[in-house]
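This report goes through one protein model, from single residues to the whole chain. Please look at the sequence and the 3D view first.

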Amino acid sequence: MNIPSADRSPSVTDPAAAVAGPAPVSDTGAHPGPGPADGSTGGPRGIRALGPVGLVLAGGISVQFGGALAVTLMPRTGALGVVTLRLVVAAIVMLVVCRPKLRGHSRVDWSTVVVFGITMAAMNGLFYQSVARIPLGPAVTLEVLGPLVLSVVASRRALNFVWAGLALGGVFLLGGGGFDSLDPVGVAFALSAGAMWAAYIVFSARTGRRFPQADGLALAMAVAAVLFLPLGLVESGTKLLDPTTIALGSAVAVLSSVLPYTLELLALRRLPASTFAVLMSLEPAVASIAGFLVLSQTLSMTEALAITLVIAASMGAVRTQVGRGRAKGLDSGAAS
């Protein structure tokens, strides 16, 4: 993808514009995303609207089951060791598959991908420090507050505030109405991971606009892996070379990084980040299911009700997005 030297994307100092605005179009008229210049992907309007949503949901399921598997790996390597294995293996896979070009990118392109990589490393490191101290469900519940806040900040429609509020209520209900019994350090790590998650959404979208396919993601993953490798070696040392540990770490990398990050990056090219952020409220529900199946953690009636609220909010966000897409299609047809 050719990007003109002038920065056509929203300024980093304006987060709301950066995540809510459409992908920039180059001066040559080339559309940065995959598909026709009107942003469509072919096929019926309903499929075009629901396609990105399916990508987000698939990514969420993958990352939470990968997170549950990572919890079982921590006694072997420690939290930093798990993150190191996850990022290094994911970076190798992405670089081999994508084979991103290193030439032809502007300084702004490189600065965007480097910041994306730093954000990715921080998000992973903080989250795994959290789940080393508190259960997976509450950790994800706290972490998802970052995207929820982003959805409110980035939203340009009043209805999105309703969905965000409903999802937020479900998130707090899932946490039992409070987190007093949890390790405060673990809570702090989870909230910090949520802030990095919001930043990840912003820079994932910007990177997706500046690099073709998943090239930017592969380069950012390499940056994150290089940053984290020394930390993992200090904490785990030769434990990282154990064949079983490498196999489990590779599975975590594929489930928690390669699949979800690729799916989310592709979805963000066709889905407003405000809707994407509300969809992220499904993560506590998926984490609870993964915890039940992998870690034998059961759900109470209150937690089941919380999951229902969160799913309702996400379905509302999807319907809002679909309705908005149909309205645009009707307006375009009337204009022609």
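With a relative accessibility of 1%, valine 82 counts as buried; buried stands for under 20% relative accessible area, exposed for over 50%, and partly exposed for what lies in between (1.4 Å probe, protein chains only). The model is predicted, and local features need pLDDT of at least 70, side-chain atom pairs count only at pLDDT 80 or more, while totals for chains, interfaces and linings use all residues. Residues are numbered from 1 along each chain as its sequence is written, and side-chain values use heavy atoms, with hydrogens and water left out.

Valine 82 is found in helix H3. Helices (H or I, at least four residues) and strands (E, at least two) are DSSP runs, numbered from the N terminus. Leaving out residues up to four places away in sequence, valine 82 touches Ala70, Leu73, Met74, Thr77 and Tyr128; a contact means heavy atoms within 4.5 Å. Valine 82 and leucine 240 lie 158 residues apart in sequence, and their C-alpha atoms are 8.7 Å apart in space.

Proline 52 has its place in helix H2. It counts as buried because its relative accessibility is 1%. Not counting residues up to four places away in sequence, proline 52 touches Ala267, Arg270 and Leu271. The C-alpha atoms of proline 52 and leucine 266 are separated by 7.5 Å, although the two residues are 214 apart along the chain.

Glutamine 64 is also in helix H2, and at 5% relative accessibility glutamine 64 counts as buried. What does glutamine 64 touch, not counting residues up to four places away in sequence? The list is Leu136, Val140, Glu283, Val286, Ala287 and Ala290.

## The nonpolar core

In soluble globular proteins, nonpolar side chains tend to be buried together. The largest nonpolar core here has 72 residues, and Met120, Phe127, Tyr128, Leu217 and Met221 touch the most other members. Such a core is a set of buried Ala, Val, Leu, Ile, Met, Phe, Trp, Tyr and Cys residues joined through side-chain atoms within 4.5 Å. Helix H3 (residues 79–98) gives the most to this core, namely 10 residues. Leucine 217 touches Met94, Phe116, Met120, Thr207, Tyr261, Thr262 and Leu265, again not counting residues up to four places away in sequence.

Helix H6 (residues 145–154) is largely enclosed by the rest of the structure, because 7 of its 10 residues are buried. Among the buried residues of H6 are Leu145, Pro147 and Leu150.

## Charged residues

Side chains of opposite charge can pair when their charged atoms come close. The structure holds 2 salt bridges, a salt bridge being a side-chain nitrogen of Lys or Arg within 4 Å of a carboxyl oxygen of Asp or Glu.

| Aspartate 242 | Arginine 76 | 2.9 Å |

Aspartate 109 and arginine 210 are both buried. In contrast, aspartate 242 counts as partly exposed, at 29% relative accessibility, and arginine 76 counts as partly exposed, at 35%.

Aspartate 215, in helix H9, is buried yet has no salt bridge. The nearest side chain of opposite charge is that of lysine 101, 7.3 Å away; Lys and Arg count as positive and Asp and Glu as negative, while His and the chain ends are not counted. Aspartate 215 touches Cys98, Pro100 and Lys101, not counting residues up to four places away in sequence.

## The whole chain

The protein has 13 helices and 0 strands. Of its 336 residues, 50% count as buried. Among contacts between residues at least 6 apart in sequence, 85% join residues at least 24 apart. The protein exposes about 14700 Å², and carbon and sulfur atoms supply 67% of it; accessible areas come from the Shrake-Rupley method with a 1.4 Å probe, and for residues only the protein chains shown count as cover.
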